[in-house]
Amino acid sequence: MLQINDLSFTFGPGKSVFEKISLDVKAGEFVSLIGSSGSGKSTLFKLVNGLLEPDQGEIVINDGKVTGKRLGSVGYMPQKDLLLPWRTVLDNVLLPLEVAKENKKVKLPEVREWLTRFGLADYEESFPNELSGGMRQRAAFLRTLMTGKELLLLDEPFGALDSMTKRTMHSWLLGLWGELQKTVLFITHDLEEAILLSDRIYVLKPDGIKEWKVNMPRPRSPELIYQEDFIRMRKELEWLIQHENN
Amino acid sequence: MKTTRIKKWSSDYGWFIIVVILLVSIWQWVVNRGIIPAFILPSPSAIWGSLMDNREILFEEHLPATLNEVLIGFAISVTAGTLLGVGMHFSRPLEKVLYPFLVISQTIPLIAISPIFIMWFGYSIWSKIAVTILTAFFPIVVSTYDGLKTGGNEYRELLLTMGANRWTIFKKIQVPLALPSFLSGLKMSVVYCVVGATIGEWLGASEGLGYFSRRMSGSLQADAVFAAIFLLSSLGIILFLIISLLERQLLKNKSHI
């Protein structure tokens, strides 16, 4: 689905963000990208979605079908929800369809169904500032989904939420994951979240990128975080991050 | 619902109205007592009397003439100003060339350039409209241009990742974001239009409130001059309120920002 080979990127001379990193995401996978602030996670996303161009290396989306022009080929959910404040929830969610010049009327029943599944059916005529943080994130996520792209890049979607809401969102997302049929690359700095949601985790660090597999069957429930296995995995991951830093 | 609206209105404007009534009363009293001679400052009742005496020529001839100049001038200013603002937004070279000219156009004293307009357009309505446009288009250009510049960069990037082109981004993001600034410009501009039309009429006209007030000041009829001023000011206020109403309608959803 996504393949990044020997990617290098600098913000001007001497300000290398990363050098020769490679990663891949297979179709249907949920892959997390973790790393401390400033490690270039968001920059990597902007390279994949085409807002930035790499200095070296290649980014292959959909088996090479998209190489040069990448804008408009993945669903991208930025850190801030960026819901347009003058549009209702429904109109915000319809935005990708408008951009793609699709017939909104035809898609409306399907969009409404998704709104229900996202718990936003009663709020479709509400404006973003009338929603709670969790609802805003869900609306932004649904908007990303409505791009209809196979690969979704989610940049810390739950980063700004309180821990209770975050927990609710986790169980909601885990429950939804089976029917989504999407491929996700997910940025987070919450290790628990990364393990709970992902099939694999990439740790991005100044000296390169490390892959780490999560051996947990799906479907998963949020209660897993209290199991011994989970806690062991978390320790292992933490050790991996700390150890390599020295 | 209705009573709360009245309450809100009176809490918003109550004090203003009280002060106006107080000032007008003091004014009337001062003139009545002869503290200030009536030919220097006519009393409010005399102004009102003059307004009534002249109501036919004022309301049937001069006010429509001025209103006509204001509306034509405003329409041209808005069209040209918006086009220029949008053009400058889309084209850097255009912006670089035009911006200095725009500023220069605002440094020209109107009184100095008006004779030229009269030389070009004679005493026709177009010399007045030219002055009106010169005063009124600048706020439109600047508010359009600045409005289109306001932030929105993150929204822009988001739409780019959805595969949007420049035009789509302009329509979906930049226009809605620019609307509040544009409407502020519109409000300013419409008031300037009244000022511009009046100045134009002062400098050479055969009708209009500016012309009327000039003629009356020539014959030292201060009450009639004040009556014309009163009408001009009311005209400006009404036009301003109309745009404010439009603004409120258009920005209904924007109150959610």
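The dialogue below takes up the sheet and then the contact.

A: This is a predicted model, in which local features need pLDDT of at least 70, side-chain atom pairs count only at pLDDT 80 or more, and totals for chains, interfaces and linings use all residues. Residues are numbered from 1 along each chain as its sequence is written, while chains are lettered from A and ligands numbered from 1 in the order in which they are written.

Q: What is the order of the strands in the open sheet of chain A?
A: Strands of a sheet pair through backbone hydrogen bonds, either parallel or antiparallel. Here six strands, with mixed pairing, have the order E5-E6-E7-E3-E8-E9 (chain A). Strands (E, at least two residues) and helices (H or I, at least four) are DSSP runs numbered from the N terminus, and two strands pair if DSSP finds at least two bridges between them. Strand E5 (75–77) and strand E9 (208–213) of chain A are the edges, each pairing on one side only.

Q: How many bridges join E6 to E7 of chain A?
A: Five bridges join strand E6 (residues 151–155) to strand E7 (residues 183–187) of chain A, and the two run parallel. Leu151(A) stands opposite Thr183(A), and Leu152(A) has Val184(A) as its bridge partner. Strand E3 (residues 30–34) of chain A also pairs with E7(A) in the parallel sense, over four bridges.

Q: Is E7(A) mostly covered or open?
A: Five of the five residues of E7(A) are buried (20 or more other C-beta atoms within 10 Å of a residue's own, C-beta atoms being placed from the backbone).

Q: How many residues does each chain bring to the contact?
A: Chain A gives 20 residues and chain B gives 17 residues; residues are in contact if their C-beta atoms, placed from the backbone, lie within 7 Å.

Key. Contact = placed C-beta atoms within 7 Å. Buried ≥ 20, exposed ≤ 12 C-beta atoms within 10 Å, placed from the backbone.
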